[in-house]
Amino acid sequence: MAKETDIGTTGTMQQHTHAHTHNPKETKAISNRLAKAIGHLEAVKTMVEDNRDCCEVLVQLAAVKSALNSTGKLILKQHISHCIVDAVEHGDSQAIEDLNRAIDQFVK
């Protein structure tokens, strides 16, 4: 079985011993979304360096935040659909605890 490592609720590394895979097309789509958000954020940085209007910068920052939140929701949906379902099937209750902690951090 493959091992997946992450940080547990105590801040220590946890090993999940259930085997699951991520859909390569979904992974690529998420990677593409993040690349676009990074590009957009770089453009906002340039706007600041060019002394663009603060309101314009704020609007563009809002667009970056929206893109990141949208990507986060997609990752969360995929995680629940694949990783959590697999973890439950294999009796990995730590995965549920880790998901709850991640949600708490994501919605701050």
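Here are some notes on this predicted model, from the overall layout down to single side chains.

1. **Overall layout.** The chain holds three helices and two strands, and along the sequence they come in the order β-β-α-α-α. Of the 108 residues, 21% are buried. Looking at contacts between residues at least 6 apart in sequence, you will find that 49% join residues at least 24 apart. The chain exposes about 7,600 Å², with carbon and sulfur atoms supplying 59% of that area.

2. **Helix α2, its length and its bend.** Helix α2 covers residues 54-89. With 36 residues at 1.5 Å each, α2 should span 52 Å, and the 51 Å between its end C-alpha atoms agrees with that. Do have a look at His 79 on screen, though: α2 bends by about 40° there.

3. **The buried side of α2.** Which residues of α2 are buried? They are Val 57, Val 64, Thr 71, Gly 72, Gln 78, Cys 83, Ile 84, Asp 86 and Ala 87. The cover over these buried residues includes α1 (24-49) and α3 (93-106).

4. **Thr 71.** This residue of helix α2 has a relative accessible area of 2%, so Thr 71 is buried. What does Thr 71 contact, leaving aside neighbours within four places in sequence? The partners are Ile 30, Arg 33 and Leu 34.

5. **Gln 78.** Also found in helix α2, Gln 78 has a relative accessible area of 16% and therefore counts as buried, the cut-off being under 20%. Not counting residues up to four places away in sequence, Gln 78 touches Glu 26, Ile 30 and Cys 83.

6. Leu 34, Ile 38 and Leu 68 make a nonpolar surface patch of about 250 Å². Leu 68 belongs to helix α2 and is partly exposed, at 41% relative accessibility.

7. **Salt bridges, part one.** How many salt bridges does a search of the whole structure find? The search finds three. In one of them, the side chains of Glu 49 and Lys 45 meet at 3.4 Å, N to O. Glu 49 and Lys 45 are four residues apart in helix α1, which means that about one helical turn separates them. Lys 45 is partly exposed, with a relative accessible area of 47%.

8. **Salt bridges, part two.** Glu 56 and Arg 52 also pair through their side chains, with an N to O distance of 2.7 Å. Both partners are partly exposed: Glu 56 has 34% relative accessibility, and Arg 52 has a relative accessible area of 42%.

9. **Salt bridges, part three.** Arg 101 forms a salt bridge with Asp 98, their closest N and O atoms lying 3.2 Å apart. The two sit three residues apart in helix α3, about one turn of the helix. Is Asp 98 buried or exposed? At 6% relative accessibility, Asp 98 counts as buried, whereas Arg 101, at 28%, counts as partly exposed.

Definitions and conventions: Residues numbered from 1 in each chain as written. Predicted model: local features only at pLDDT ≥ 70, side-chain atom pairs only at ≥ 80, totals over all residues. Heavy atoms only, no water. Patch = residues over 30% accessible without salt bridge, like charges linked within 9 Å, V, L, I, M, F, W, Y side chains within 5 Å. Areas by Shrake-Rupley, 256 points an atom, 1.4 Å probe, with all protein chains shown as cover. Salt bridge = Lys/Arg side-chain N within 4 Å of Asp/Glu carboxyl O. Buried < 20%, exposed > 50% of the residue type's maximum accessible area, 1.4 Å probe, protein only. Contact = heavy atoms within 4.5 Å. Expected span 1.5 Å × (residues − 1). Bend = angle between axes of the 7 residues up to and from the residue.
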